[in-house]
Amino acid sequence: MNKVVKVSLAVAVSAGLAVFAWGEIKEIIVKQVTEKKLAEAGLTPEALKKLGEAGFQSDPMVLAKISRGGQPAGRWKEGLMFDGMAPMPWLKSAANWFPGTEEVQPDEIRVTFMGSSPLPRPGQMGTSVYIELGNGDNFIFDFGPGSVANYLASKVPLNRINDIFITHLHWDHFASVPYAYVFGAWGGRWHEAYRITGPSGRTPKHGIKHMVEHMKEMLFWHRENFGVTPIGKGWDIEVNEFDFRDDGGGVYNKNGVKIIHWRQSHGSDGASAYRLDWNGLSVAFTGDGRPNSLTAKYAKGVDLLITEMQPELIAISSNVMGTMPFTARNTVDMAHNPAYAAGYLYDQVKPRLAMGTHVSFDGYSSAEIIAEVREHWKGPFHFGAPDLVVVNMTKDKMWVRDGVVPEYPNMAPPKWDVAATGGLLVPVPEHRRQDVQEQSIRDAEIPPDKYYPRGYQPELLPFWPSDKPIFLPEHMVPEGFKMKKVKKEE
Ligand SMILES: [Zn+2]
Ligand SMILES: [Zn+2]
């Protein structure tokens, strides 16, 4: 500090102290910040006196302002933010999430919006909510068109995409199911079935089981074709169809995780909402549907409540989105959740954080949606849109960030728990290529020596070379394919 500044500070301080005795100053301060907060900042009368004697600023008001940037110390609460909305110290960045850089902590839940719209578009795929728990368990709630791209970009290996809970059988909520089924099996889901949970319906034909059976039929050619490479249990599907009428009934209870369901009013029977509870934390996801008193009941007090929402902008939105106004009005009023109603529901449930997804995230409507939500709900709210909004939650903090993924990511390698079995079991393919393809078309293939350069002749594998299962001992499995984080059974 140069001499001039030092002197002028000293003059200012002594002038201030001449007018106010310490007791008076303290009284003023206490009105604005509590004594505790003064102590937290080290602003004891002794400390101030020493600062003043050394020629430094000793006005506690000035020092308090400078040290806290104008904010009360000890918490992140500015403007209309809320207690407990703060980034955790282990986050690599408080602004962004980068796949593969952070472990979910033992007592933490991470929720990622892998798809957030009924209408897929490059920044918003079909609805899908990914829930990762600190015990290593992961769950997919709805799996809409294109959302699988965000899972892969987030480094979720294809063979680990499993435990899928479908709210209802609208295509915008499950179009990625067949993709991850066949490519997951090819990509290494060899030792476990694909597990899908969903509601029954008015008749057996309306239930999830019927969909799965017919999805397998739809994929007949594809399954036979991929069946010439190792698949193992990859084609097995464990379907857990629950009675859609059994409001509050359990659909999952394992490893300390409980999931219940209840009905949603969504045009026809067989639409459901879910709530997951684990380790004293809870997330409810309603899928689609009209504002629902059952959600008010079963999601009551949940930490994170995720609903769909539609802005009250029918005439404008129908022009923007290219929907006839009467179709838009009728669709919302018959089957969807207006943003006003979402706010009303949030106020009934009183979650620690309310989020709206399944909504076109557009500049013209976002402020309007927030205003509509705020009509009834004054608590924490955030959009679950566009894609890759990431929520970290613990018992005392919640934080929402934007995930960042490359535009052209590649798949993460499959992960196998080789430590548990001492190696990797590679199953025998179900079919031989020569049994599912006529010889004549193979005869029409251009011989490899015509296109590989002279002197370069790779050893090709046009037919699977083994009619027996193969066991690769642990040391022969490439490091990147070994599962590092092993599930902790509780
Ligand atoms: Zn939908
Ligand atoms: Zn729907």
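**Group meeting talk: one predicted chain, region by region**

I start with Lys-415, which counts as partly exposed because it has 19 C-beta neighbours inside 10 Å. On that scale a residue is buried if 20 or more other C-beta atoms lie within 10 Å of its own, exposed if 12 or fewer, and partly exposed in between, with C-beta atoms placed from the backbone. This is a predicted model, in which local features need pLDDT of at least 70 and side-chain atom pairs count only at pLDDT 80 or more, while totals for chains, interfaces and linings use all residues. Residues are numbered from 1 along each chain as its sequence is written, and chains are lettered from A and ligands numbered from 1 in the order in which they are written.

Back to Lys-415. It lies in the loop between strand E16 (398-403) and helix H15 (418-421). Helices (H or I, at least four residues) and strands (E, at least two) are DSSP runs, numbered from the N terminus. Not counting residues up to four places away in sequence, Lys-415 touches Pro-157, Asn-159, Arg-160, Phe-481 and Met-483; contact is defined by C-beta atoms, placed from the backbone, that lie within 7 Å. Its C-alpha atom is separated by 8.4 Å from that of Lys-484, 69 residues apart along the chain.

Now the chain as a whole. The secondary structure comes to 17 helices and 18 strands. Of the 490 residues, 36% are buried. Among contacts with a separation of 6 or more, 70% are between residues 24 or more positions apart.

Next, the core. The largest nonpolar core has 87 residues, and those with the most contacts inside it are Ile-131, Val-283, Ala-284, Leu-304 and Leu-305. H13 gives the most to this core, with seven residues. A nonpolar core here is a set of buried Ala, Val, Leu, Ile, Met, Phe, Trp, Tyr and Cys residues joined through C-beta atoms within 7 Å. What is Leu-305 in contact with, leaving aside its neighbours within four places in sequence? The partners are Ala-284, Ala-299, Tyr-346, Val-349, Pro-351 and Ala-354.

Helix H13 (residues 339-349) and helix H14 (residues 363-374) pack at an angle of about 40°, with their axes 7 Å apart. That makes H13 oblique to H14: angles under 35 degrees count as roughly parallel, over 145 as roughly antiparallel, 65 to 115 as roughly perpendicular and the rest as oblique. Axes are lines fitted to C-alpha atoms, for helices over the stretch in contact, and angles run from 0 to 180 degrees between N-to-C directions. In this pair, Ala-339, Tyr-340, Ala-342 and Gly-343 in H13 meet Ile-369, Glu-372, Val-373 and Arg-374 in H14. These contact residues divide into five nonpolar, one polar and two charged. For that count, Ala, Val, Leu, Ile, Met, Phe, Trp, Tyr, Cys and Pro are nonpolar, Asp, Glu, Lys and Arg are charged, and the others, Gly among them, are polar.

The second pair is helix H11 (residues 314-321) with helix H12 (residues 325-335), at an angle of about 115° and with axes 9 Å apart. Here Ile-314, Ala-315, Ser-317 and Ser-318 in H11 meet Pro-325, Ala-328 and Arg-329 in H12. The division is four nonpolar, two polar and one charged.

Helix H7 (residues 176-186) is largely enclosed by the rest of the structure, because eight of its eleven residues are buried. The buried residues of H7 pack against several elements, including strand E3 (128-133), helix H6 (147-153) and helix H8 (208-218). After H7 comes Gly-188, with a positive phi near 120°.

Strand E7 (residues 237-242) holds Ile-237. With 17 C-beta neighbours inside 10 Å, Ile-237 counts as partly exposed. Its C-alpha atom is separated by 4.6 Å from that of Tyr-194, 43 residues apart along the chain. Leaving aside neighbours within four places in sequence, Ile-237 is in contact with Ala-193, Tyr-194, Ile-196 and Val-212.

Last, some backbone details. Asp-163 is not a glycine but has a positive phi of about 55°. It lies in the loop between H6 and E5. Is Asp-163 buried or exposed? Asp-163 is buried, with 21 other C-beta atoms within 10 Å. Asn-279 also has a positive phi of about 55° without being a glycine, and is partly exposed, with 17 other C-beta atoms within 10 Å. Finally, a cis peptide bond joins Ala-385 and Pro-386, with omega about -5°. Pro-386 lies in the loop between strand E14 (381-383) and strand E15 (389-393).

Methods:
Two residues are in contact if their C-beta atoms, placed from the backbone, lie within 7 Å.
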